[in-house]
Amino acid sequence: MTTVTETLGLTPDQTTDVLRAATLAPSVHNTQPWRFRLRPDRIELYPDLSRRLPATDPDDRELDLSCGAALFNLRLALRGHGVKPLVTLLPGSEAPGAAATIRLGGHRALDPETAELLDAIPHRRTNRKPFRDAAVPTTHRHALVRAAERERCWLHVVTRDERPRVQALMTKAYDLQIHDPRVDAELLTWTHDGIPPESRGHRPAGQDEWRFRDFRADDRPPGKDYEADPLVVVLCSFHDGRLAALQAGQALQRVLLTATAYGMSASFLSQVVEVAPVRDELRRALGGALIPQTVLRIGFGSPVPATPRRPVADLVHDDPED
């Protein structure tokens, strides 16, 4: 760990503000698997491999998604300080092990759309509670699809005809995971460390059409079933691998912040993409060309509290391998 210093022409306080925005990205079980190294001419973003989930996320794909989401927040926060970020993904020998480097690409005034997304960062939450039975308007759906396209990804909206197949795959993945003691051990550890009781939603119940993770939350009160017709979307990339996951993570965060700006909530239905054979089945169900990266449930929910975040000072390292 080291102190926050000047970088990209920003003061230490401005740099802290930028990094704090990055930490508000989503991550599986709120693991927050990112670290930063500051140089006068760049910010380096690294995956924090000490916070891996080898059973739940054996190929670190979701870890890279989380780093991509943090990178998108960082990009927005830099724009808020007048900096146009120049991003290099997987920079290689320039910064060995880094997910990305961010340099000064010039200066640019903040446009209204970017300002709206920047304002949404502290308000975005993963909302695991039931949503209202209110349909997401077509205009909102189109905005979410466009958000993914802006980051070179695709957001597939699950249709009514596709729903039974996707639900069956989710149930299959859920059943495989709940019988894996390693997955359960990771869930218990990180639920205790990262997700407070008020953010865990409700315990899964037999009448649920969609399979939600069991965060050992309280049983739901009577009449508090999950919504009957959620908007379920699959965020997809056009190729596979680390680069694709980092791109998809940025698309994920743009989609989530767009949803937040429209007054919507979202939660993850990630099990179906965490179990590799089931993920392959989902890919085939979507036509075979797209690579499913994550699955989201989106709708109109009640407010939920923020989950805790690691202090920025703990995330800045002279050597991110320390």
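Across which strands does helix α1 (residues 12-23) lie? The legends below take up this and other close-up views of a predicted model, in which local features need pLDDT of at least 70 and side-chain atom pairs count only at pLDDT 80 or more, while totals for chains, interfaces and linings use all residues. Residues are numbered from 1 along each chain as its sequence is written, and side-chain values use heavy atoms, with hydrogens and water left out.

View 1. Helix α1 lies across β1 and β2, running at about 160° to β1; axes here are lines fitted to C-alpha atoms, for helices over the stretch in contact, and angles run from 0 to 180 degrees between N-to-C directions. Helices (H or I, at least four residues) and strands (E, at least two) are DSSP runs, numbered from the N terminus. The open sheet is formed by 4 strands in the order β1-β2-β4-β3, with antiparallel pairing, where two strands pair if DSSP finds at least two bridges between them. Because β1 (34-39) and β3 (83-89) stand at the edges with a single partner strand each, one side of each is left without a neighbour in the sheet. Neighbouring strands of this sheet are turned by 25° against each other on average, direction ignored. Between β1 and β2 (residues 42-47), which run antiparallel, there are 6 bridges, and W34 stands opposite P47 in β2.

View 2. Q14 lies in helix α1 and, at 28% relative accessibility, counts as partly exposed; buried means under 20% relative accessible area, exposed over 50%, and partly exposed in between (1.4 Å probe, protein chains only). When its neighbours within four places in sequence are left aside, Q14 is in contact with G9 and H81, contact meaning heavy atoms within 4.5 Å. Although Q14 and H81 are 67 residues apart in sequence, they are 7.7 Å apart in space, C-alpha to C-alpha.

**View 3. Two residues with positive phi.** L8, placed in the segment before α1, has a positive phi of about 55° although it is not a glycine, and this residue is buried, with a relative accessible area of 6%. D60 is found in the loop between β2 and α2 (61-80), where its phi is near 60°, again a positive value in a residue other than glycine. At 17% relative accessibility, D60 counts as buried.

**View 4. Helix α5 and its buried face.** Helix α5 (residues 163-178) has 16 residues and reaches 22 Å from its first C-alpha to its last, close to the 22 Å expected at 1.5 Å a residue, the expected span being 1.5 Å times one less than the number of residues. Its buried residues are R163, V166, Q167, L169, M170, A173, Y174 and Q177. Seen down the axis of α5, these buried residues fall within an arc of 160°, so they line one face of the helix; the arc is that of the directions from the helix axis to the C-beta atoms. Their cover includes α6 (181-194), α8 (271-274), α9 (276-285) and β8 (291-299).

**View 5. A stacked aromatic pair.** Rings of Phe, Tyr and Trp (its six-membered ring) pair if their centres lie within 6.5 Å, and planes under 30 degrees apart count as stacked, over 60 as edge-to-face and the rest as tilted. By this rule the count is 1 aromatic pair. The rings of F212 and Y226 have centres 4.3 Å apart and planes at 25°, so the pair is stacked. F212 and Y226 are both in the loop between α6 and β6 (231-237), 14 residues apart, and both are buried.
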